[in-house]
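Reader: Could you walk me through this structure? I am new to this, so please spell out the terms as we go.

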Amino acid sequence: MEKMPKWADVVLIPLISLILAAILSALVILAIGENPIEAVKLMVTGALGSTYGWGYTLYYATNFMFTGLAVAVAFHARLFNIGGEGQAMLGGLGVAMVCLYIPWPHWSIALLAACAGSMLFGAAWAAIPAYLQAKRGSHIVITTIMFNFIAAAFLNYVLVNLMRPPGAQDPSSASFPEAVHLPTFQSMFSTAENVVFKGTPVNITFFIAVLACFVVWALIWRTRLGYEIRSYGKTETGAVYAGISPVRITIIAMLISGALAGLMAINNVMGEAERLVLNATEGAGFIGIAVALMGRSHPFGVFLAAILFGFLYQGGAELAFWTSIPRELIVVIQALVILFTGALDNMVRMPLEKLFLSLRKGAQ
Amino acid sequence: MTVPAIELKGISKAFGPVQANKDISISVAPGTIHGIIGENGAGKSTLMSILYGFYKADKGEIWINGNKTDIPDSQAAIAAGIGMVFQHFKLVENFTVLENIVLGAEDGGLLAPSLSKARKELKALEEEYELFVDPDKRIDEIGVGMQQRVEILKALYRKAEILILDEPTGVLTPSEADQLFRILDRLRAEGKTIIVITHKLREIMENTDTVSVMRRGQMTATVKTADTSPEELAELMVGRKVLLQVDKVPAQPGKPVLKIEKLSVFDSAGVERVKGIDLTVRAGEIVGIAGVAGNGQSELLEVLGGMRPGQGSIKLNGAPLALSGPGSDGQARRAQHIAHVPEDRQREGLVMDFHAWENVAFGYHRDPAYQSGIFMNNAALRADTERKIEKFDVRPPDAWLTAKSFSGGNQQKIVVAREIERNPDLLLVGQPTRGVDIGAIEFIHKQIVALRDQGKAILLVSVELEEIFSLSDRIAVMFDGHVMGERLPHETDEKELGLLMAGVAGEAA
């Protein structure tokens, strides 16, 4: 017997969680003496009211889609990949090497090669924790967290000592050549008389992210490998019974997860910065966890949740810019959304399940 | 007429839309053994949980010794003189018997006075009821039968006058079960009132004074045991006439299909669970492995099913099977025409959150018939599921339901359908009817016998001796990793098997 209809699980619960987070955020804004309604207006117009706002919202959302998908794929194998941050950093290194050290005739070929490079580096960075989990039983949460630190330190070393152009002051690579610059939305959608997405970083990678959502959906729900990943995630003893190797699935799921996290670098390194800078990921790897939780590990849910978090990021930046609400409070609001949609899921779910049960009983 | 020790009046309890107990009334006279029998999910355990204060009834009253009593929690139940012995014991493994008995009933902050007082009282109890256990042994040092005695002593120590036992013989050998009922007899003679919940008809017939039958949350009858028969009780439980005996013609064993020689199996902790056994299963016969749970049967099945490495030799139709490393997993076994109905369908045989149609592919998901290019051919899979659902009478016949939405019996039918329909050379069957209702048991047994009659080899592991007897053409008894002996069902009886199961060697087999 299902406890409640599917739409309630997929739509109603996240919605109620969001509303609760919004109410609490409003109280916090009230408490510091600002007007929450004005704040919401500012966030909405700032993030969604213009192509400029959308440009940033979708740029952030693209990052979160990749890291959200990365976490979601691992979730299906009941692996908690907290290492999206480090994997995305290494993905950036892959992108930078592809773009800097190989001369490309056209951005489109460079894009394909950069995708391969970022996925390879991201997957490689996930491979070590995956191997340790599968063969040695080292908990993936611990190892991937540690690998985030190692990735940051490693990248620091590489940027300062190896990739920094001679004489440059900041720890970053040289700018990528003109030929590998990706088309932005501005260049793709603007006409001579109407310039849209002006100056925003959103670029063609957004469509790769949407494609990735679709590919992950097909992988998880339509292929044999996806079947094995889901089976293993639901019951490990059952997987052994069915002849599905836990070692193999753990490693494969983490490789896919790492590759997806690595792909994020296409957006922020190749599409936006056009060079590799220190801390290019800006915490997107961690936001991916919230995105996957809120999206119920379903690619479509991840897509929606990524856009929501993109809105929160861009709206929050506007809020900090135009009001005296400090930047830290934006983080509080984001944290509240994560708290309610991720951690406090059962708080909404259980009363709702009871409600549906009693409704059904009444109908009988 | 004397005042009943326990009287339930119109107890009802619903969990959401499920009416677990509906208007149940019983009355149990003091100094009697009352049996409650019913299929899984009939509501027996819910009723007892209400009596012990785990659940609160929606409606109804509980009267104890003529007084209306509220039982909001287990403390209140204990205060009212009710003691409960659960199916899964609630003992602390690394505490001594004495410590377990005192646990939760300490007199104060200091343990020593409680323990010495308990030791004295325990001695008195032991003598009064002839319930001997060594108070200083740790729980993990004593056998299951002894652990159950500790549970009974715990209840008596808390001055229980009414003792409820939930499926008390599930983990016992036949001789341990006999001992248990001797103890219960003794307690009855001392004036205690005992309620035994079970699904085993024989125990009810041999040991109780009165019996109540539950079906789908309702009490369908309460009768004097002397006035009824197993057939009548089975009919009351299921709601229709049931065949208690499996109808089968004598086996026509052919050539050996499975030949096991000197097989040893070690568990993950390095303990030897199967100790160099030899066993042969021929085409067209069912070999039943009897034994108390935990004597190596599960590990034997797991090695055969490719779930665990082993050492020694296993040959299938003369060809050796890989016992470790590549080629020894469940996929390889299936490719070699070994099908496996695992012991624990909820943790192994099914993915409980998967739809029925996804579960029909479980283990066979690499079958080319289920593929189309790089994708799985879900339409073909669903069509196949519809066929199996119809053939095996799975209810409700809905391929889109998740496995957990089916009853135990229908879940097992899905597993059995998946495995038998592969037409394997060797079928491994572990506890095929555990937690399965009588109607489905009959059906599943028939399917297994039908496969045998097609000349297939079947290895059955079950802790239910009745099942072993009614299905097997040959019985092997396992104890402590050894095969204690092989017997033909018509040449042995429960008593002899019981001795073998307890490790008392018979003549060389």
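Predicted model: local features only at pLDDT ≥ 70, side-chain atom pairs only at ≥ 80, totals over all residues.

Author: Residues are numbered from 1 along each chain as its sequence is written, while chains are lettered from A and ligands numbered from 1 in the order in which they are written.

Reader: Which residues make the contact of α3(A) with α4(A)?

Author: On α3(A) they are A:T67, A:A70 and A:V71, and on α4(A) they are A:G84, A:Q87 and A:A88, with contact taken as C-beta atoms, placed from the backbone, within 7 Å.

Reader: OK, new topic: what domains does chain B have?

Author: The assignment, which is automatic or from a database, gives domain 1 (6–238) and domain 2 (256–349 + 425–501). Their centres, taken over C-alpha atoms, are separated by 33 Å.

Reader: And how many residues of domain 1 of chain B are in contact with domain 2 of chain B?

Author: Nine residues of domain 1 of chain B are in contact with ten residues of domain 2 of chain B.

Reader: Which helix gives the most to that side of domain 1?

Author: That is α8(B), with three residues; helices here are DSSP runs (H or I, at least four residues), numbered from the N terminus. Both α6 (174–189) and α8 (230–238) of chain B supply at least two residues each to that side of domain 1.

How values were computed:
Contact = placed C-beta atoms within 7 Å.
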